[in-house]
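Student: I've got a structure open here and would like to talk it through. Can you help me read it?

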Amino acid sequence: MLGDPVVVTASLLFIPITILVAAIVPGNVILPFGDLPTIGYYFANVKAAAERTKIPVVMHLDHGNSFAMAMQAFRAGYTSIMIDGSKLPFEENIDLTKSVVNVCHASNVPVEGELGKVGGKEDDLENDDDNPYTDPQEAKEFVERTGVDSLAIGIGTAHGVYKGIPKVNMEVLSAVRAVVDVPLVMHGTSGVPDEQVRDAVRRGICKVNYATDLRIAFTNGVKAYMNNNPNAFDPKKYSAPGMKEVTAYVAQKMQVVGSVGKA
Ligand SMILES: [Zn+2]
């Protein structure tokens, strides 16, 4: 749903974008269709929006948590797939990631892996590891052995709402960048001050994931509308201001990451 204003804003600013679709897993099912149809359902929604614009849109599965889920997305037509084995021991993460890469690369579908920990909680993903940072030498070996096309790394960011002001570990980022040549990905970007985001992009982050802030923007728009119209009951009415907030937020962040006009 939040993909629509993202596509609209990107179209106006000529920005190539990646729409993330959260992996929906049992216990956190928000549509009563079960795993496979849910992945296909979201895909169809964003595809419809993407087909109405001239900018490049990537349909990306975010945090695929198993080989089966990655394959469901692959078969549904996703053009980019994340397999997140970061909670597994190093060798098992390599095995899982490589198994997904082997299938996806046969059809030229790129794969994002993750090494190190993104803290916090996003949907039912949870991490509270003591040392969240990605080891640069492990990252180098991971990329070489798995063949991933991009790598999400642990540099001190977390999913969800930050308690204080987050601090991205730029030294770890630069150290990983120095030995790994695939694009690097920062998760948990919501709430990270714009200056740090700009610095991270300068140091080699190629994709930033925002989720929580989009949810907050949407909800703020809805809340404001409901405060002024307490008797409103039509979702079309109160979701419009939510979408408007998301659009404004996305436009501002696209300036921050420097992607305006790149499509
Ligand atoms: Zn994430």
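Student: Let's start with β4. How many of its residues are buried?
Tutor: For β4 (residues 111-115), 5 of its 5 residues are buried, so the strand is mostly covered. Buried here means 20 or more other C-beta atoms within 10 Å of the residue's own; exposed means 12 or fewer, partly exposed is in between, and C-beta atoms are placed from the backbone. Strands are DSSP runs of E, at least two residues, and helices are runs of H or I, at least four, numbered from the N terminus.

Student: Is this an experimental or a predicted model?
Tutor: This is a predicted model: local features need pLDDT of at least 70, side-chain atom pairs count only at pLDDT 80 or more, and totals for chains, interfaces and linings use all residues. Residues are numbered from 1 along each chain as its sequence is written.

Student: Back to β4. Which residues point which way?
Tutor: V111, G113 and L115 point one way, E112 and E114 point the other way, and all are buried. In a regular strand the side chains alternate between the two faces of the sheet.

Student: Which strands does β4 pair with?
Tutor: Strand β3 (residues 80-83) is joined to β4 by 2 bridges, and the two run parallel. Strand β7 (residues 150-153) is joined to β4 by 4 bridges, also parallel. Pairing requires at least two bridges found by DSSP.

Student: Which residues stand opposite each other there?
Tutor: I81 stands opposite V111 in β4, and E114 stands opposite A152 in β7.

Student: And what does the chain cross through from β3 to β4?
Tutor: The chain goes through α4, making a right-handed β-α-β crossover. Right-handed here means that, with the strands pointing away from the viewer, the path from the first strand over the helix to the second runs clockwise.

Student: Switching to helices: how do α4 and α5 cross?
Tutor: The axes of α4 (residues 90-105) and α5 (residues 136-146) come within 9 Å and cross at roughly 35°. Those axes are lines fitted to C-alpha atoms over the stretch in contact, with angles from 0 to 180 degrees between N-to-C directions. The crossing is right-handed, meaning the near helix is turned clockwise from the far one by less than a right angle.

Student: Which residues meet there?
Tutor: F90, I94, T97, K98 and V101 in α4 meet E138, F142, R145 and T146 in α5. Contact means C-beta atoms, placed from the backbone, within 7 Å. The residues divide into 4 nonpolar, 2 polar and 3 charged. Ala, Val, Leu, Ile, Met, Phe, Trp, Tyr, Cys and Pro count as nonpolar, Asp, Glu, Lys and Arg as charged, and the others, Gly among them, as polar.

Student: Is H63 buried or exposed?
Tutor: H63 counts as buried because it has 25 C-beta neighbours inside 10 Å.

Student: What about N108, buried or exposed?
Tutor: N108 counts as exposed because it has 7 C-beta neighbours inside 10 Å. N108 sits in the loop between α4 and β4, and has a positive phi of about 60° although it is not a glycine.

Notes: Contact = placed C-beta atoms within 7 Å.
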